Amino acid sequence: TVAPGATLEVSYLNITGGTLVNQGTATAEASSNFYVSAGATFTNQGSLTLDASTTVYGECEVPATPTAPAIPAGTMNNTGTITSVATPGFPADLGYQYYNYNCLVLNDTGAITVSTNELELGGTVNLNSGASITGPSSTTLSILGTVTLNPGASINGPGIINGSGGLVLNTDLTAPTVDVGYVSGPGNLTATTDLDVSSLYGPGTTTVAPGATLEVSYLNITGG
């Protein structure tokens, strides 16, 4: 445990087992690697700053064998604050999306701020009640995995939500530009500037607001 008032600095950190709890002030330095192995957990109860090209990633679940139970994917729990301060062309990355390291499970009930440029979300992200993602309209939130927006959580501020991953909406979302792989869930989506998605699974309703643009290169509406 990093106690309140203490500092955690990360240039390279591999959590191979157990739980690391941050209650202080943590910084993942530029181009740092922060790895959470299967069965291990990182819990942020304090503040965490992600510098440019920071990579936080988790090992995938290890399947059960006849002699051993399954080991869950690397997990990150956030009840504190996460602030991304990326620079142009060098986004911060929560949930690295390559090889066997794209399975970080992020459970968030805290505040995530995209202060500058771009934050990438990979793996599995559960935005639960109390969670918020905010940022100025000049910033981008990139969805590379699956992000689930649950009741009591919000995404408000980043001007662009893009990426090859998907949004699962269990509550309503209004955003300027949405350019993702798919949208599903009972929540309703309203795009106020631009909508460009590949699949709408429903059962919620997706609305392109007056004055906004719908771009279609491939669109599959299977529900809603």
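What does Glu-29 count as, buried, exposed or partly exposed, and at what relative accessibility?

A: Glu-29 counts as partly exposed, because its relative accessibility is 28%. Buried means under 20% relative accessible area, exposed means over 50%, and partly exposed lies in between, with a 1.4 Å probe and protein chains only.

Some ground rules come next. This is a predicted model, in which local features need pLDDT of at least 70, side-chain atom pairs count only at pLDDT 80 or more, and totals for chains, interfaces and linings use all residues. Residues are numbered from 1 along each chain as its sequence is written, and side-chain values use heavy atoms, with hydrogens and water left out.

Glu-29 sits in strand E3, which covers residues 25-36. Helices (H or I, at least four residues) and strands (E, at least two) are DSSP runs, numbered from the N terminus. Setting aside neighbours within four places in sequence, Glu-29 is in contact with Glu-9, Val-10, Ser-11, Asp-51 and Thr-54. Contact here means heavy atoms within 4.5 Å. Take Thr-54 from that list. Thr-54 and Glu-29 are 25 residues apart in sequence, yet their C-alpha atoms are 6.7 Å apart in space.

Not counting residues up to four places away in sequence, Asp-93 touches Thr-54, Thr-55, Val-56 and Glu-120. Asp-93 lies in strand E9. With a relative accessible area of 6%, Asp-93 is buried.

Cys-60 and Cys-103 form it, with their sulfur atoms 1.9 Å apart. The torsion about their S-S bond is about 70°, so the disulfide is right-handed. Cys-60 is buried, at a relative accessible area of 13%.

Strand E7 brings in the open sheet. Its 10 strands run in the order E2-E4-E7-E10-E13-E16-E19-E21-E23-E26, with parallel pairing. Two strands pair if DSSP finds at least two bridges between them. Strand E2 (19-22) and strand E26 (220-221) stand at the edges with a single partner strand each, so one side of each has no neighbour in the sheet. E2 and E4 run parallel, joined by 4 bridges, and Val-21 stands opposite Thr-43 in E4. E4 and E7 also run parallel over 4 bridges, with Thr-41 opposite Thr-75 in E7.

In a regular strand, side chains alternate between the two faces of the sheet. From strand E4 (residues 41-44), Thr-41 and Thr-43 point one way and Phe-42 and Asn-44 the other, and all are buried.

Rings of Phe, Tyr and Trp (its six-membered ring) pair if their centres lie within 6.5 Å; planes under 30 degrees apart count as stacked, over 60 as edge-to-face, and the rest as tilted. The count is 3 aromatic pairs. One of them is Phe-34 with Phe-42, a tilted pair at 4.8 Å centre to centre and 50° between the planes. Phe-34 and Phe-42 are both buried.

Key
A disulfide is a pair of cysteine sulfur atoms within 2.5 Å.
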